Amino acid sequence: MTTQAQQRTAIGEALAVGCLAQGVTAIAATTMTLEAAFRKAWRDWEARGDYRFVRASFERNDIKPILFDSERRPGPCIAAWSTSERGWLQPYLIVDWEKREVIEHLEETGETEWGFWMALVDAFLECFQERELCRAATG
């Protein structure tokens with residue numbers, strides 16, 4: 001991936017798919033908690049070197065544009081984040097695919113294996129309190 005837009009799209013999609021895979025359907029977050037979670041997860045993520053245009057520092061943190069702009073990104077996207085519910089970020093799939101197909105697509109079109117994405121998602125989610133996460137009901 002060579003452009004900032006491509007890197008942001010990949011990260012936004014993988015975070016959305018990963019959250020859904022973990023049963024998380026929404027995250028309640030202020031800008032401060034969102035940026036802190038991404039900064040911590042990004043700092044420890046082994047694959048961050050492949051995404052040189054993405055920043056997660058105190059000076060510049062790209063998580064808000066990554067998530068908030070995801071619904072308006074041009075091109076073929078498979079997942080995005082809805083910000084229409086005030087105070088909540090909701091990951092969703094744009095395509096009507098099975099989980100396996102979505103994961104295969106992410107791996108085939110990107111440079112990062114699913115296991116690395118899940119490490120980022122897990123580190124990101126563990127920064128939130130359980131009351132800040134809405135989880136899908138399991139039957």
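In the predicted model, the side chains of Arg8 and Asp62 are joined by a polar contact of 3.2 Å. Arg8 belongs to helix 1, whereas Asp62 is located in the loop between helix 2 and helix 3 (63-68).

Asp62, for its part, touches Arg8, Phe53, Val54 and Arg55. A further relation across the chain involves Ser70, which is 62 residues from Arg8 in sequence, while the C-alpha atoms of Arg8 and Ser70 are separated by 8.5 Å.

One cavity of 30 Å³ or more was counted, and the volume of the largest cavity is about 40 Å³. The largest cavity is lined by Thr9, Gly12, Glu13, Ser70, Arg73, Cys77 and Ala79. Helix 1 supplies the largest share of the cavity lining, namely three residues. By class, the lining of the largest cavity consists of two nonpolar, three polar and two charged residues.

The largest pocket has a volume of about 390 Å³. Its lining comprises 17 residues, of which Gln6, Thr9, Ala10, Glu13 and Pro76 are the closest to the centre of the pocket. Two elements, helix 1 (4-21) and helix 4 (99-109), each give two or more residues to this lining. The largest share, six residues, again comes from helix 1. In terms of residue class, eight nonpolar, six polar and three charged residues line the largest pocket. Thr9 and Glu13, named above among the residues closest to the pocket centre, also line the largest cavity.

A pair of aromatic rings is described by the distance of the centres and the angle of the planes. The count in the model comes to seven aromatic pairs. In one of them, formed by Phe38 and Trp42, the ring centres are 5.3 Å apart and the planes stand at 35°, so the pair is classed as tilted. Phe38 and Trp42 are both situated in helix 2 (residues 31-44), where a spacing of four residues, about one turn of the helix, lies between them. With a relative accessible area of 0%, Phe38 is buried; Trp42 is also buried, at 6%. These two residues belong, together with Trp45, Tyr51 and Trp117, to one aromatic cluster.

Methods: Residues are numbered from 1 along each chain as its sequence is written. This is a predicted model: local features need pLDDT of at least 70, side-chain atom pairs count only at pLDDT 80 or more; totals for chains, interfaces and linings use all residues. Side-chain values use heavy atoms; hydrogens and water are left out. On a 1 Å grid over the protein atoms alone, a cavity is a set of points where a 1.4 Å probe fits but cannot get out, and a pocket is an open set with protein on both sides within 12 Å along at least five of seven lines; lining residues have an atom within 4 Å of a point. Grid points are joined across faces, edges and corners, and a volume is the space filled by probe spheres set on the points. Ala, Val, Leu, Ile, Met, Phe, Trp, Tyr, Cys and Pro count as nonpolar, Asp, Glu, Lys and Arg as charged, and the others, Gly among them, as polar. A polar contact is a pair of N or O atoms within 3.5 Å; within protein, one must be able to donate a hydrogen and the other to accept it, and residues adjacent in sequence count only if both atoms are side-chain atoms. Rings of Phe, Tyr and Trp (its six-membered ring) pair if their centres lie within 6.5 Å; planes under 30 degrees apart count as stacked, over 60 as edge-to-face and the rest as tilted. Buried means under 20% relative accessible area, exposed over 50%, partly exposed in between (1.4 Å probe, protein chains only). Contact means heavy atoms within 4.5 Å. Lists of a residue's contacts leave out its neighbours within four places in sequence.
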